[in-house]
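Please examine the structure shown below before reading on. This report treats a sheet, a helix pair, the nonpolar cores and some local backbone features in turn.

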Amino acid sequence: MNLRLRTPLALAIALAATGASHAAPPDVGNAFDPTSLDTKYKPCDDFYDYVNAKWIAANPIPGDRTRWSTFDELREASLKAQRKLIEDPAIVKAATGTIEQKLGDFYASGMDEAAIEKTGVAPLQPELAKIAAIKSADDLARYLTDAHARGYGGFFGFGASPDFKNSSMMIGYAGEDGLGLPERAYYLEDKPDYVKIRGEYVAHIEKTLALAGAKPATAKQDAQWIMALEMRDAKTSLSPIEARDPKNQYHYVSVADADKATPHFSWARFLAAQGLSGVQGFSLSHPEWFAEFDRMLTEVPVEQWKAYLRFHTIDDAAPYLSQAFVAEHFDFNQHKLRGQKEMEPRWKRVLGAVNGSMGQALGQLYVKENFPPEAKKSAEELVANLRLALKARIKKLDWMSDATKAKALEKLATFTPKIGYPDKWRDWTGLSISRSGYLDNALAANKFNHDWHMGRIGKPVDKTEWGMTPQTVNAYYSPLKNEIAFPAAILQPPYFDAKADDALNYGGIGAVIGHEMTHGFDDKGSQFDAQGNNSNWWTDDDRRKFVERIDKLAAQFDGYVAIEDLHVKGKLTLGENIADLGGLNVAYDSLQMALKKNPAEAKSKIDGFSQDQRFFLNFARLWRTNTLPATAKVNLNTDPHAPGQFRAIAAPSNMPAFAQAFACKAGDAMVRDGEKQVKIW
């Protein structure tokens, strides 16, 4: 069952033009408060604390969070804005079948605690009965096929995405998805933290099964079985670093060859059940894991499989069930695993569920209130400025041949920028939502969304689709579509402020735009061409030089100690770190281009700081973060983003412009020169 909550963030601002000439320094208002700087620290020694130490001390992590940061400040305000939309009395009167009715009723069903408490685990009984009816390995394979068709999923994932080798067409992708812990190391390594978490996980399994009615002895036995099954699964699962490699993400096979690879699981039958009878092939990634899955179908006892399916069905649905299930789910997944002290209030959790199921529909309402259409034009102009700067940087690279530069410039020229929100909204016709039955609504949305995804397979890629909702405080680059997207919600302070000077805006949203552009040329994005196909457009010598340079950056991050004796994983975070370094350089160049048009502003100081200094100050401000130790440890193992304190300093320390701006000298911590300096894009 695939009902895990995903909680998008939200908020937006009306975006005005940036980079324009000013007859005098702009009215920056409170865009950057110089008293927020902690002068106990020197910018050349500890730039992160110089910029953020006061904020960190004054902003402890709220009890219902695992982290508090710039993103989380925006999220907190955004959730309130979303709540206002979805609790508007007018939404109760919305006509049946409208997105307003569906959103309002979904939310209302989640807020009806009395009804949810009354039904208990009853809404899951039909699914648990299907699991109980499994008698053989063939029954098990048929159940998994049927569960996917109904939107539950199970043990592996199956979705739609552009074909790595023909990015204009959508194909199916099957991938591993059977572990309950964050990644394989939690099962296979005997570090004290992992051993402790494994014990707590087994206890959580036992408690969850008991809540659903299992006898104590049965729950205890099943918990041991489930851990043993997942331990075996983990042995062939990819590590997070391995999972980043495109070679491990794509393995196209014909349906006949897929059936040969898993003789005990029929992919022809599976695809037919998903409404995909005419499909000739799909990606089965990665083959070693699916070979082990096939062996497990017959080698693992059926009763052990049934215990696994029962638990994950209940655990995945727990946030939609009565309070006892909600509390137990929180206690392990958020409290024990990540250190969170308090559960989020119910309205936030329910809003997260609505976003996870109908996020684009909520986004359609959101932009009407928060993001005027004319804002797109201003953002598009800013993207164009950054594109020009990156183009100039590529042309000036001294380590890349003209042949590879031509391919890189071709790719840059075909970038598709998306700003604010989709030009075409998704149709929700056919999804039935009522004001009663929270879990039933979630299951209906799961089925609807699954069918929508399946309906895209075998068809041309719809380039109007977005990979994020408008209310998400984030941005992304898609190598398969060669597109960069900036949802409405990120176009606000401290990323963008219409009243701020160019330096703050280029150090904020400019660095974000440059970051996403550089993803097209990071260790992964650089393996996709201008059309979005996974193909090599490099000369061998240029690729060798590129790898040497990015290896230096990986080593730089390997050297950062995040907590206790745990280091950042340079290979896991490499793509983001390349994008940070390239993006900040591109944004800085864009700022210089803007200042050339206005020499008076270029020479002026605001609050005693030059434009270059304010550029770097705002960049560092983006990464201020307080994180719970337990969450920090999980993130080091699974998150492709390095901790904020290192993102704030790593890229600037490789830039001579930073050293010049703050008069840093060789030997200062913020100066990486000579062989230590990393220069890529």
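Helices (H or I, at least four residues) and strands (E, at least two) are DSSP runs, numbered from the N terminus. Two strands pair if DSSP finds at least two bridges between them. The model is predicted, so that local features need pLDDT of at least 70, side-chain atom pairs count only at pLDDT 80 or more, and totals for chains, interfaces and linings use all residues. Residues are numbered from 1 along each chain as its sequence is written, and side-chain values use heavy atoms, with hydrogens and water left out.

Three strands, in the order 6-8-7, form an open sheet with mixed pairing. Strand 6 (416-420) and strand 7 (476-478) are the edge strands, each pairing on one side only. From one strand to the next, the twist averages 15°. Strands of a sheet pair through backbone hydrogen bonds, either parallel or antiparallel. In which sense do strand 6 and strand 8 pair? The sense is parallel, over five bridges, with strand 8 spanning residues 483-487. Thr416 stands opposite Glu483 in strand 8.

Helix 21 (residues 502-519) lies across strand 7 and strand 8 and runs at about 150° to strand 8. Here, axes are lines fitted to C-alpha atoms, for helices over the stretch in contact, and angles run from 0 to 180 degrees between N-to-C directions. Contact means heavy atoms within 4.5 Å.

**A pair of helices**

Two packed helices are described by the angle between their axes and the distance between the axes. Helix 17 (residues 346-370) and helix 20 (residues 438-454) pack with their axes 9 Å apart, at an angle of about 25°. The two helices are therefore roughly parallel to each other, a term for angles under 35 degrees. Helix 17 contributes Arg346, Arg349, Val350, Ala353 and Ser357 to the contact, and helix 20 contributes Tyr438, Ala445 and Asn449. These residues divide into four nonpolar, two polar and two charged. In this count, Ala, Val, Leu, Ile, Met, Phe, Trp, Tyr, Cys and Pro are nonpolar, Asp, Glu, Lys and Arg are charged, and the others, Gly among them, are polar.

**The nonpolar cores**

A nonpolar core is a set of buried Ala, Val, Leu, Ile, Met, Phe, Trp, Tyr and Cys residues joined through side-chain atoms within 4.5 Å. Buried means under 20% relative accessible area, exposed over 50%, and partly exposed in between (1.4 Å probe, protein chains only). The largest core has 98 residues, of which Phe47, Phe616 and Trp681 touch the most other members. Helix 23 (residues 574-596) gives the most to this core, with ten residues. Another core, of 94 residues, lies apart from it and includes Leu144, Met170, Trp347 and Ala445.

**Local backbone features**

| Residue | Phi | Relative accessibility |
|---|---|---|
| Glu564 | near 50° | 58%, exposed |
| Asp607 | near 55° | 45%, partly exposed |

Glu564 is in the loop between strand 9 (561-563) and strand 10 (566-567), whereas Asp607 is in the loop between helix 24 (599-603) and helix 25 (611-621).

Which peptide bond has an omega of about -5°? The cis bond that joins Ser285 and His286 has this value. His286 is placed in the loop between strand 5 (281-285) and helix 14 (287-299). The peptide bond from Pro493 to Pro494 is also cis, with omega near 5°, and Pro494 is found in the loop between strand 8 and helix 21.

Terms used:
Angles under 35 degrees count as roughly parallel, over 145 as roughly antiparallel, 65 to 115 as roughly perpendicular and the rest as oblique.
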